[in-house]
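I opened a new notebook page for this protein. My plan was to look things up one at a time and write each down.

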Amino acid sequence: MVNCGLLTVKNEPVPLKSIEVELQVQGHVATVSSTLQYTNEEQSPLEALFVFPLPAESALCHFSAKIGDQETVAKVQEKEKAKDEYDDAIASGQQAFLLEESDESEDVFKLSVGSLPPGQSAAVTFIYVTELSVQADHSLRFCLPAVLNPRYSPPGTQAGVVSEITTSASIPYSLSFTATVSSPNPIAKIESKCALEPLVFNTDRTNAKVSLSAGHKFDRDVELYLYYENAHQPTAIVEAGVPTAKPGTLMGDPVVMLSLYPEFPEAIMSSMSTCGEFVFVMDRSGSMGCAMHNGPGAKMRIESARDTLVLLLKSLPMGCYFNIYSFGSHYKSLFPKSVEYTEETMDQAVKRVKEMQSDMGGTEILEPLRNIYSQQCIPNHPRQVFIFTDGEVGNTKDVLQLVRNNADHHRCFSFGIGEGASTALIKGMAQEGRGHNQFITGSDRMQPKVMQSLRYALQPAVIDITEVWSVPAGMSTTHLSPPLNVLFHGQRALIYAQLKGETPDSQGTITVKYQLAGQEVTNTLNYSLKPAENSGLSIHRLAARSLIRSLERQEQTEGAEKEALKARVVELSVEAGVSCSHTAFIAVHKGSGEAVEGPMLKRRVPTAMRFRSMPMAMACAAPPMARVLRSAPRKALRAAPRMASCGVTQMYFDVPPQRSFGGHMSLVSSCNDCEDISDMLPPDVVEDHLLELISLQKASGCWEMGNALVKVFGKPEDEVVKQTPAQVDKGVWATILALIWLHGFKMDDQAEWQFVAMKAVTWIQNQKVANLSECVQAGNSLLGCQVKEEALGL
């Protein structure tokens with residue numbers, strides 16, 4: 001199988017040799033410096049194209065190229081001017097480098113390395129700054145994305161670079177990674193799913209340094225989880241402007257970054273909402289048939305999503321409304337419109353969810369969303385849309401525009417499944433839909449992250465958010481962030497503002513006010529106006545990026561103002577030195593000056609791939625057996641006999657029905673010589689008793705006594721029934737045992753079963769059980785637990 005996207009007659013290793021990454025973290029902000037080492041091993045001048053992902057919220061702020069001892073620092077220009085300069089440079093024999101954001105998605109960049117002479121080496125360095133996202137356990141997450149999923153482009157759209165990414169079965173370049181972390185609060189610990197060298201701390205643990213262990217293969221995302229003490233303490237950092245910049249400009253004035261953690265009144269938080277319309281949107285494209293990770297016992301993405309959706313269905317409150325949509329190349333809904341949550345509708349939904357497969361072709365999310373938004377909202381039941389996808393979408397900007405246009409009528413909670421999901425799509429849908437996003441990668445359990453989002457969805461919606469700034473006389477503030485349109489209890493909100501005028505050594509104040517469940521809530525933060533030392537310009541650049549993104553969103557909706565907004569975006573981008581959709585970094589290294597005769601060789605440099613999602617147009621290069629497997633169902637593949645010779649063993653195709661081109665196929669694993677297909681598939685996953693118990697719960701919150709339930713308890717059914725206290729209904733006894741089992745054996749997973757337990761407690765209380773204490777004591781004796789009655793909430 002040839003590498004798709006390779007634009008030369010040869011199919012040889014690419015010229016990228018190594019990547020060196022240095023990470024510097026200051027509190028909630030990270031600065032990432034990456035150096036890529038190239039060597040042209042061709043006999044002709046080479047033009048290479050390296051496509052790579054960056055976090056959607058990052059600001060690319062530096063690019064330079066070093067050939068020999070001479071380094072050329074790139075400048076930011078309007079994109080078309082930069083492209084013209086690049087073309088002119090390589091046509092005249094000069095080495096040139098062009099770094100630009102993809103037109104289709106803001107989280108994909110492409111680096112063009114032009115006119116490298118035979119045998120020549122070049123090192124290119126780019127630097128970006130990014131905000132660190134807050135996780136459910138209050139850690140801050142940094143991710144260096146290695147895997148970039150090709151994106152499915154629906155028929156009728158123009159496929160671009162994100163849909164042409166090279167697939168490679170091996171990563172020919174090495175990675176070195178070092179991180180330095182500093183924080184005003186002590187650093188409790190640093191964790192990673194990758195092997196790390198021992199941590200080195202300073203005396204008060206406000207600084208730490210760590211590196212990846214030797215031999216790391218850059219075949220998966222590199223993730224760091226940073227744990228600070230007093231993580232929820234609001235903070236503010238004031239960063240000085242550039243001394244040589246003109247006062248009154250963004251780069252000439254100080255900028256403040258405020259990190260707020262709103263705390264809702266306990267009286268409001270103690271009672272979650274029991275109303276709402278919950279619409280679950282499930283990606284069932286072919287790529288959802290890929291494994292969650294490369295390790296043993298990995299579930300398929302569709303399997304993990306199915307289990308999670310069952311958990312969500314069991315956790316919904318009685319009296320709400322819900323519906324389920326599946327999408328691929330087409331879409332379908334479980335019900336014509338959302339229905340009331342009852343025992344009958346829940347059972348019907350659970351049955352259908354357990355039958356879901358990754359068998360619906362491509363990844364076309366626009367049409368199901370249009371259908372959802374066209375449905376009339378149910379009075380007094382706010383709409384909450386939960387979207388599960390691996391993010392392999394080519395028309396990201398169209399999807400975000402649709403969500404933005406309907407933001408007044410719903411909240412959107414998005415979940416990126418597997419490494420390589422588009423950060424622009426997943427984070428963008430949540431941001432535009434005033435909701436929350438989660439990424440589930442590696443061996444992460446999806447359930448606790450999704451249940452955190454359900455808790456947010458059941459919180460009362462915050463409305464009428466206002467920000468009041470107070471600064472000393474002679475100063476003023478200019479807001480650089482989009483207006484706050486969503487707040488969740490305990491979830492961080494970052495706000496940027498420009499401070500104009502003389503900055504005295506005193507304090508400023510910001511007050512955030514909002515309405516919550518009919519009450520007015522006020523959160524206030526006082527902060528020092530004295531600029532922090534050695535903070536660089538990372539906050540200025542992130543603030544500029546935030547303002548640029550806001551203007552770009554306005555540009556998509558404006559008419560006559562469009563050109564003026566574009567000009568302002570370009571002006572800000574050039575002033576702050578950060579990239580945007582209308583600019584690019586251009587560096588021209590003065591070489592021999594000899595014009596290039598004839599076409600240069602072009603190579604697309606592959607990023608790390610998970611052996612899948614190749615453009616369908618390349619399928620003609622696959623061996624005949626691969627084309628036979630294209631239509632084989634999964635069961636048939638498991639039972640397939642040993643093959644004499646093949647290039648691949650198992651494929652899943654993101655292909656619309658009755659369509660030959662325009663989709664993607666997903667190569668799950670490749671074999672060497674002859675292998676039994678069944679040997680290449682992940683082993684059966686160990687049975688999950690927690691999910692089994694939850695799946696047995698009734699919509700009302702109770703459990704029924706039966707063989708499936710007692711199997712979870714690990715007891716014979718006759719023994720469980722025999723121990724039933726006198727005059728106690730079997731349903732009450734089964735429900736009390738289920739609660740004791742959850743508290744006794746699954747406390748570490750409480751985030752997953754919290755809502756099903758709340759429903760169970762409410763149901764038991766409504767039964768008016770006379771000898772409740774006796775039941776709890778008997779249940780503890782039977783299951784071998786020591787759970788107190790008050791711990792159960794009874």
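My entries follow, starting with confidence.

**Confidence.** I noted that this is a predicted model. I looked up the mean pLDDT of the protein and found 79. I also found that 81% of its residues reach 70 or more. Next I checked residues 1-11, where pLDDT stays under 50. The model still has 32 contacts for residues 1-11 beyond four places in sequence. I then turned to residues 161-170, also with pLDDT below 50. That stretch has 46 contacts in the model beyond near neighbours in sequence. I reminded myself that where pLDDT is low, the predicted coordinates should not be read in detail.

I traced four strands that form an open sheet, in the order 10-11-16-13. The pairing is antiparallel. Which strands are at the edges? I found strand 10 (133-134) and strand 13 (187-191), each pairing on one side only. I followed strand 13 to strand 16 (residues 222-228) and found four bridges joining them. I looked up Ile-190 too: its bridge partner in strand 16 is Leu-226.

**Thr-389.** I located Thr-389 in strand 23, which covers residues 383-389. Is Thr-389 buried or exposed? I count Thr-389 as buried because its relative accessibility is 0%, and the cut-off for buried is under 20%. I then looked at its side chain and found a polar contact of 2.8 Å with the side chain of Asp-283. Leaving aside neighbours within four places in sequence, I listed the contacts of Thr-389. Among them are Phe-327, Thr-363, Phe-415 and Leu-425, along with Asp-283 again.

How values were computed:
Residues are numbered from 1 along each chain as its sequence is written. This is a predicted model: local features need pLDDT of at least 70, side-chain atom pairs count only at pLDDT 80 or more; totals for chains, interfaces and linings use all residues. Side-chain values use heavy atoms; hydrogens and water are left out. Helices (H or I, at least four residues) and strands (E, at least two) are DSSP runs, numbered from the N terminus. Buried means under 20% relative accessible area, exposed over 50%, partly exposed in between (1.4 Å probe, protein chains only). A polar contact is a pair of N or O atoms within 3.5 Å; within protein, one must be able to donate a hydrogen and the other to accept it, and residues adjacent in sequence count only if both atoms are side-chain atoms. Contact means heavy atoms within 4.5 Å. pLDDT is the predictor's confidence in each residue, from 0 to 100. Two strands pair if DSSP finds at least two bridges between them.
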